[in-house]
Amino acid sequence: MINRNKQITINYRLTDNSLNHKIDYFQDKYGLNLVPANSVSAQANWPLLRVTKQNLILEHQRDNLFFHPSMALLRMINLKRGIKDRFLQATGLRSGDIFLDATMGLASDALIAAWSVGQEGKVIALEASVLLHFLVSEGLASFKELKPAKIKGTDKLAAWEELAEAADRIETVCTDHYAFLRKLPACSVDVIYFDPMFRDTLADTSPSIKPLQNLSVPEPLKVETVKEACRVARRRVVLKERNGSGEFKRLGFRLLDGGKYSSVSFGVIDTWPGGNS
Ligand SMILES: C[S@@+](CC[C@H](N)C(=O)[O-])C[C@H]1O[C@@H](n2cnc3c(N)ncnc32)[C@H](O)[C@@H]1O
């Protein structure tokens with residue numbers, strides 16, 4: 001598991017020498033130590049970053065991880081077709097809101113939130129894993145150039161454009177969410193969201209979960225963190241967890257109805273006396 005160590009050393013390989021300038025930029029901006037994969041100091045057990053003109057691919061423990069907004073795109077297409085999104089229902093986001101995503105991961109939820117809060121709103125997305133923060137921040141920054149050729153059809157194109165515009169509104173921070181929340185003034189954001197790694201997927205070896213799992217911080221959400229979130233959120237704190245998870249009860253969240261056919265549930269703590277209305 002690669003997570004909170006601030007100075008992380010990885011190997012890198014460029015597909016084109018014209019990309020060399022990116023290495024200095026990544027080292028400065030993300031505090032990474034990048035060593036050419038063909039140098040004497042490279043180590044075979046370090047993750048390998050492949051830098052291509054289109055994207056960044058991190059190879060680690062025989063898995064490949066790269067930023068891909070595919071899940072968010074599917075949700076965005078559904079939203080534009082009038083299909084409700086359970087995350088948006090649970091968070092109750094409104095135009096102009098400040099939304100704090102305390103567990104960014106691959107930023108699917110952060111992208112949908114950024115679309116929902118609109119141009120007047122703001123999304124701050126926290127990620128404790130240095131490498132995930134790096135990959136996803138760079139992915140969001142180059143979203144507009146990522147457009148895959150196979151995106152055809154007006155609704156898909158429109159959904160892509162909206163997400164690309166929303167990506168600009170996400171500010172990412174590499175930090176532990178508890179440390180970050182402790183520094184925020186009371187009632188300074190509207191909604192705070194937690195989507196921690198599921199307790200029971202830690203043993204999951206499915207190909208879709210594994211690459212994210214290897215790089216992410218797997219710790220359970222702490223009671224003190226939820227308490228801090230309740231102090232900082234003006235309106236609501238939201239938790240996503242596996243259906244039937246004991247985490248809702250342990251952390252004091254009220255379970256929302258819905259998602260009969262889904263494997264996940266949402267719980268909320270309303271911090272405004274009138275609830276989310
Ligand atoms: C299940 S993923 C979130 C997925 C995300 N909602 C999405 O839409 O892609 C959980 C993420 O939270 C991160 N995380 C876990 N503990 C954290 C902490 N204390 N502070 C910040 N991020 C944390 C993990 O590294 C992981 O990337």
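Close-up 1: Arg-254 has Val-268 as its bridge partner in β12. Strand β11 (residues 254–255) runs antiparallel to β12, and two bridges join them; strands are said to pair when DSSP finds at least two bridges between them. Helices (H or I, at least four residues) and strands (E, at least two) are DSSP runs, numbered from the N terminus. This is a predicted model, in which local features need pLDDT of at least 70 and side-chain atom pairs count only at pLDDT 80 or more, while totals for chains, interfaces and linings use all residues. Residues are numbered from 1 along each chain as its sequence is written, and side-chain values use heavy atoms, with hydrogens and water left out.

**Close-up 2: β12 on its β10 side.** Over seven bridges, strand β10 (residues 233–242) pairs with β12 in the antiparallel sense. Val-237 sits opposite Ile-269 of β12, and Lys-240 has Phe-266 as its bridge partner there. Six of the seven residues of β12 (residues 264–270) are buried, so the strand is largely enclosed by the rest of the structure. Buried here means under 20% relative accessible area, with a 1.4 Å probe and protein chains only.

Close-up 3: Seven strands make an open sheet with mixed pairing, in the order β8-β7-β6-β9-β10-β12-β11. Its edge strands, β8 (170–174) and β11, each pair on one side only. Helix α9 (residues 223–232) lies across β9 (189–194), β10 and β12, at about 145 degrees to β10. That angle runs from 0 to 180 degrees between N-to-C directions, using axes fitted to C-alpha atoms, for helices over the stretch in contact.

**Close-up 4: aromatic rings.** The count comes to eight aromatic pairs, taking rings of Phe, Tyr and Trp (its six-membered ring) with centres within 6.5 Å; planes under 30 degrees apart are stacked, over 60 edge-to-face, and the rest tilted. Take Phe-26 and Phe-134: their ring centres are 4.9 Å apart with planes at 70 degrees, so this pair is edge-to-face. Phe-26 belongs to helix α1 (residues 20–30) and Phe-134 to helix α5 (residues 130–141), so the pair ties together parts 108 residues apart in sequence. Both are buried, Phe-26 at 1% relative accessibility and Phe-134 at 0%.

**Close-up 5: the nonpolar cores.** Of the 61 residues in the largest nonpolar core, Leu-49 and Leu-111 touch the most other members. Such a core is a set of buried Ala, Val, Leu, Ile, Met, Phe, Trp, Tyr and Cys residues joined through side-chain atoms within 4.5 Å. Helix α5 gives the largest share, seven residues. Domain 1 (8–65) and domain 2 (70–270) both contribute, so the core lies between them; the bounds come from an automatic or database domain assignment. Leaving aside neighbours within four places in sequence, Leu-111 is in contact with residues including Phe-67, Leu-140 and Phe-143, where contact means heavy atoms within 4.5 Å. A second, separate core of 22 residues has Val-237 and Ala-229 among its members.

Key
Buried < 20%, exposed > 50% of the residue type's maximum accessible area, 1.4 Å probe, protein only.
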